[in-house]
Every structure is written in structure tokens, then in C-alpha cells.
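Me: I would like to go through this model with you and ask, for each label put on it, what the label rests on.

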Amino acid sequence: MHGDQIGLLLQQERGQFFDFLSAFEYRRGGPHKKKEEELGREIVRILSGMANADGGTLLVGVEADKTITGIPYDHNELLALLQAPQNLLRPSLSPALETIRLGNLQLLRFEVGSGLEIYRIAGGRSYYRIATETPSLPSEQIHSLKQAKKTVFYERQQALNATW
């Protein structure tokens, strides 16, 4: 993905199928890079919510005002961020991912489709993407979501030897 493609992607607003996330937190004294574990949990929360809903794309290294600030992590920290969906979710999630270089800045682009499984964080919480929010689901909604996903999967199957 090149700079012009990132520009096109950032013309979209945050929503059901697209979100972006900063690698920085802002406190007194200016910006500070988020702890790698904290950013990893944020990535996993959004990706699991998207996978539990209808899929989507997450771009990491972009501020709320769409300024590209990149990801200020070393190789080992970056590797942990890339592996967070496999390590922190049950069942593990394997999103399509891309590391993007724009000059001296680095971004991460994750993409997930709608899954047949219900993905939950290792602590047991499940999330669901609704517009720009990714709320935690109560247990009764998780059960309803499982049933709905089974129904959709069944309805999308092609009957063996079916003809028109």
C-alpha cells in the first residue's frame, strides 16, 4: 500500500467497517507512546468486534484528526503487536496484515472478515462493532449472536447437486 492509497483510505470516516488507532497517548508534557501491551489490547478489542460483526479494516498509527504519526516501536514490540490477535483471542484470529512505510513512519493495516466463530479476549469478554463503537457483549447477546451466525452460514451453503 502506498501513500496515495493511505490517503484514499483516510478519506473514509471511522465507522462500521473502518477505524484507526493512535500509538500515542496524550498527557501533560506531550505525547507518550502507549505501552505495547495496552496498544495490543486495543487492537484486539477492535479486531474481535469487527470479526464478530461484519468485518473491517483497522489502521494503526493514525491520530483522531487523521494525522499520520506512525508506530514508534522497536522490532520486538512490533512483533508482539502483530501477534496480538493470535495470542490474546480465543479462538485465535489471523487477520490479513500489512506493515506500511511512509518515509520514516511505519503503520500497521489489519483486515478481518466476518467470522463464523465468536471471538473473545482471553479474559472472556466478547466485543461487537456497531458504527464507530466496539462495546462488550452481555452473555445473552453472545448466545443470540452464535445462533445468528449459524443460521447465516446454513443459509449460504449451496445444496449438493442443485440446479436452476
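This is a predicted model: local features need pLDDT of at least 70, side-chain atom pairs count only at pLDDT 80 or more; totals for chains, interfaces and linings use all residues.

Me: What makes 4 strands an open sheet, and which are the edge strands?
Reply: The 4 strands are arranged in the order 1-4-7-6, with mixed pairing. Strand 1 (18-21) and strand 6 (96-102) each pair on one side only, and these are the edge strands. From one strand to the next the twist averages 20 degrees. Helix 3 (residues 75-88) packs on this sheet, where it touches strand 6 and strand 7 (105-112), and its direction makes about 10 degrees with that of strand 7.

Me: How do you know that strand 1 and strand 4 pair?
Reply: Pairing requires at least two bridges between two strands, and 4 bridges join strand 1 to strand 4 (residues 56-60), the two running parallel; therefore they count as paired. Within this pair, Phe 20 stands opposite Leu 59 and Leu 21 stands opposite Val 60. As for the directions taken from strand 1, Phe 18 and Phe 20 point one way while Asp 19 and Leu 21 point the other way, and all are buried.

Me: Why is Lys 34 called buried?
Reply: Its relative accessibility is 8%, and the cut-off for buried is under 20%, so Lys 34 counts as buried. Lys 34 is found in the loop between strand 3 (30-33) and helix 2. Leaving aside neighbours within four places in sequence, Lys 34 is in contact with Leu 21, Ser 22, Ala 23, Phe 24, Glu 25, Leu 39, Glu 42 and Tyr 73.

Me: Which residues touch the most other members of the largest nonpolar core, and which element gives the most to it?
Reply: This core has 23 residues, of which Leu 39, Ile 43, Leu 58, Val 60, Leu 81, Leu 108 and Phe 110 touch the most other members. Two or more residues come from each of helix 2 (36-52), strand 4, helix 3 and strand 7, and helix 2 gives the most, with 7 residues. Leaving aside neighbours within four places in sequence, Leu 108 is in contact with Leu 58, Leu 59, Val 60, Ile 71, Leu 78, Leu 81, Leu 82, Glu 98 and Thr 99. Apart from this core lies another, of 9 residues, including Ile 6, Leu 9, Leu 10 and Phe 18.

Me: Is Leu 145 buried or exposed, and how do you know?
Reply: The relative accessibility of Leu 145 is 13%, whereas buried means under 20%, so Leu 145 is buried. Leu 145 has its place in helix 4 (residues 139-156), and, with neighbours within four places in sequence left aside, it is in contact with Asn 52, Ile 118, Tyr 128 and Leu 137. Leu 145 and Ala 53 are 92 residues apart in sequence and 9.0 Å apart in space, C-alpha to C-alpha.

Me: Why is Ala 131 called partly exposed?
Reply: Buried ends at 20% and exposed begins over 50%, with partly exposed in between; Ala 131 stands at 42%, so it counts as partly exposed. Ala 131 is found in the loop between strand 8 (120-121) and helix 4, and it has a positive phi of about 55 degrees although it is not a glycine.

Me: Which residues does a cis peptide bond join?
Reply: A cis peptide bond joins Arg 90 and Pro 91, with omega at about -15 degrees, and Pro 91 lies in the loop between strand 5 (89-90) and strand 6. Most peptide bonds are trans.

Technical notes: Residues are numbered from 1 along each chain as its sequence is written. Side-chain values use heavy atoms; hydrogens and water are left out. Axes are lines fitted to C-alpha atoms, for helices over the stretch in contact, and angles run from 0 to 180 degrees between N-to-C directions. Contact means heavy atoms within 4.5 Å. A nonpolar core is a set of buried Ala, Val, Leu, Ile, Met, Phe, Trp, Tyr and Cys residues joined through side-chain atoms within 4.5 Å. Buried means under 20% relative accessible area, exposed over 50%, partly exposed in between (1.4 Å probe, protein chains only).
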